[in-house]
Amino acid sequence: MKQTPESSSTTVDMATMPMGWPQIRIVLIASLGQFIGQGLATLVGIVIPLMQLAIHPGLSAGMQGLMGCISLIGIMIGTVVFGRLSDRFGYLLFFRLCPLIIVVASVVATLVHSVPVMLVCLFLMGFAIGGEYSLDPDYISELMPVKWRVYMVGVAKALASAGSAFVAIVCYLILSGRSDAGHWSDLFLIMTAVAGVMLLTRLGFAQSPQWLMSRGRDAEAEAAVRKLLGKNVRMSVTRPVTHSPKTQSMWQFVKSNFSKIILTGVPWACEGLGVYGIGIFLPVLIMSFRLYTLPATATPIDHITHSVILTFVLCLVMMVGFTCGILMMRRFNHLRMQFVGFWMSAVGLGILLAAYLCHWPAWIAIGGFVVFELFLNAGPHLITFILPSSIYPVDDRGTGSGIAAGIGKSGAVIGAFLIPVLLRSGGATLVLIVSISVMAAGAVITSFGRRSS
């Protein structure tokens, strides 16, 4: 039987030690940020039509778009803010603060049935999730054995689809058998529960060892490694140590890392429309594409409930896509995976568009949706997340990851705002044409990165 660090009498190096429970525990705790982030997107897409039924039947397309994108605006700002702050003050404080913000905001959203209050709460939840998107991959990448680092960051991102599936099935169970939408705000308690678990699991965590060592606090770094990985594990020094905080301004950072910012950020923005723009309004789009049939006597809540069922099925497809992507990560070039993923996502949406225009059977349209979700999550959704932490040095990793995620979420914000507007002005056809164009643009931009890398 292989010895664990705790049971072994010899000291082991964190960079070469075998994978074990300490590393798996770190991945699970850190990946809860990805879990709740994607779960919130799914929840918002379910809450919006329920709100229309319960209290705001005349909700405009612009307001629906604002409700859909406000949490993404929070994420976009949070990634940059928390990324910069974590580089300066360390990771641990913000690793605990983010889930606390989500708990408070989700409780308020549950208790106060007001659109303005809900917008503020969604922004705050997104702001905290933005911090998660900046911090989670940094913690994971530095604490895994070298040969597992990129792979385990990908595993953490894959758990985002599990968050969508979890929220979808819980919402379905809550909505099943109900004839009205009056309890729509109670769905936010799902966020409260998940964020509460996040906070509790992080109370016994430690500061980032590499951040401590980059500040010359070597003894504290060694202690943090022992706390997180085992008493007999020693710190690995794989990069030059910086003993003083960096004074480089954000503008200087952008100028000196411009090509990295383009490569890690712009395709992420294109991917954001598919993951969040389409993802948030998935139940609404499913109803618009007529992907299921119900009797004429079906109520509006029946339509929403059935759209949630198909949303859950597509979330399972997302999980399959992530799994395939993770299995291919160690065998194929990452940028090639992203390139092929973008093109095949466009093909899947093209099939869906053809099925919609030609009135083909629903199974063909669903098949197009499956192709889209499968390749989007096996390629761009996975790869755009792992690139920043793999190309930026530790001193700049928080800032670099934050900027990349911020640019990515700008695409998600635009997509989430425009989807209901496009749906109202040009129907499902216009939504699909725009989405296909964005997926193709992501492939073209990625191709330039492949040539220059």
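Helix H13 and helix H15, the latter spanning residues 380-391, pack with their axes 8 Å apart and at an angle of about 145°. This is a predicted model, so please hear every value as computed from predicted coordinates. The crossing of H13 past H15 is left-handed. On the H13 side the contact residues are His334, Leu335, Met337, Gln338, Gly341 and Phe342. They meet Pro380, Ile383, Thr384, Ile386 and Leu387 in H15.

H15 has another partner here, H14. What angle do the axes of H14 and H15 make? They cross at roughly 15°, and they come within 3 Å. That angle is under 35 degrees, which is why H14 counts as roughly parallel to H15. The contact involves Phe375, Leu376, Asn377 and Ala378 in H14, which meet Pro380, His381 and Leu382 in H15.

H10 passes H14 in a left-handed crossing. From H10, the residues in contact are Glu271, Gly274, Val275 and Ile278. From H14, they are Phe369, Phe372 and Leu376.

Next, the rings. A pair of aromatic rings is described by the distance of the centres and the angle of the planes. The count here comes to 13 aromatic pairs. One of them is Trp148 with Tyr151, which is edge-to-face, at 5.5 Å centre to centre and 70° between the planes. Are these two residues buried or exposed? Trp148 is partly exposed, because its relative accessible area is 24%. Tyr151 is buried, because its value is 18% and the limit for buried is under 20%.

Another pair is Phe289 with Tyr356, also edge-to-face, with 6.0 Å between the centres and 70° between the planes.

Separately, the ring of Phe95 has the charged end of Arg202 sitting over it, at 3.7 Å from the ring centre.

Asp138 lies in helix H4, residues 115-143. Its relative accessibility is 0%, so Asp138 counts as buried. Which residues does Asp138 touch, leaving out those up to four places away in sequence? They are Tyr91, Ser389, Arg397, Gly398 and Ser401. The C-alpha atoms of Asp138 and Glu220 are separated by 18 Å, with the two residues 82 apart along the chain.

Met152 is in helix H5, residues 149-175. Met152 is buried too, because its relative accessible area is 8%. Leaving out residues up to four places away in sequence, Met152 touches Met19, Val27, Ile140 and Met144. The C-alpha atoms of Met152 and Ile386 are separated by 9.5 Å, although the two are 234 residues apart along the chain.

Val320 sits in helix H12. Its relative accessible area is 43%, so Val320 is partly exposed. Between the C-alpha atoms of Val320 and Pro361 there are 24 Å, and along the chain 41 residues.

Last, a backbone point. Most residues other than glycine have a negative phi. What is the phi of His359? His359 has a positive phi of about 60°, although it is not a glycine. His359 is placed in the loop between H13 and H14. The relative accessible area of His359 is 62%, and since exposed means over 50%, His359 is exposed.

That is the end of my list.

Terms used. Residues numbered from 1 in each chain as written. Predicted model: local features only at pLDDT ≥ 70, side-chain atom pairs only at ≥ 80, totals over all residues. Heavy atoms only, no water. Phe/Tyr/Trp six-rings, centres within 6.5 Å; stacked < 30°, edge-to-face > 60°. Buried < 20%, exposed > 50% of the residue type's maximum accessible area, 1.4 Å probe, protein only. Lys NZ or Arg CZ within 6 Å of the ring centre and 35° of its normal. Left-handed = near helix turned anticlockwise from the far one by under 90°. Helix = DSSP H or I, 4+ residues; strand = E, 2+ residues; numbered from the N terminus. Contact = heavy atoms within 4.5 Å. Axes fitted to C-alpha atoms, helices over the stretch in contact; angles between N-to-C directions. Parallel < 35°, antiparallel > 145°, perpendicular 65-115°, else oblique.
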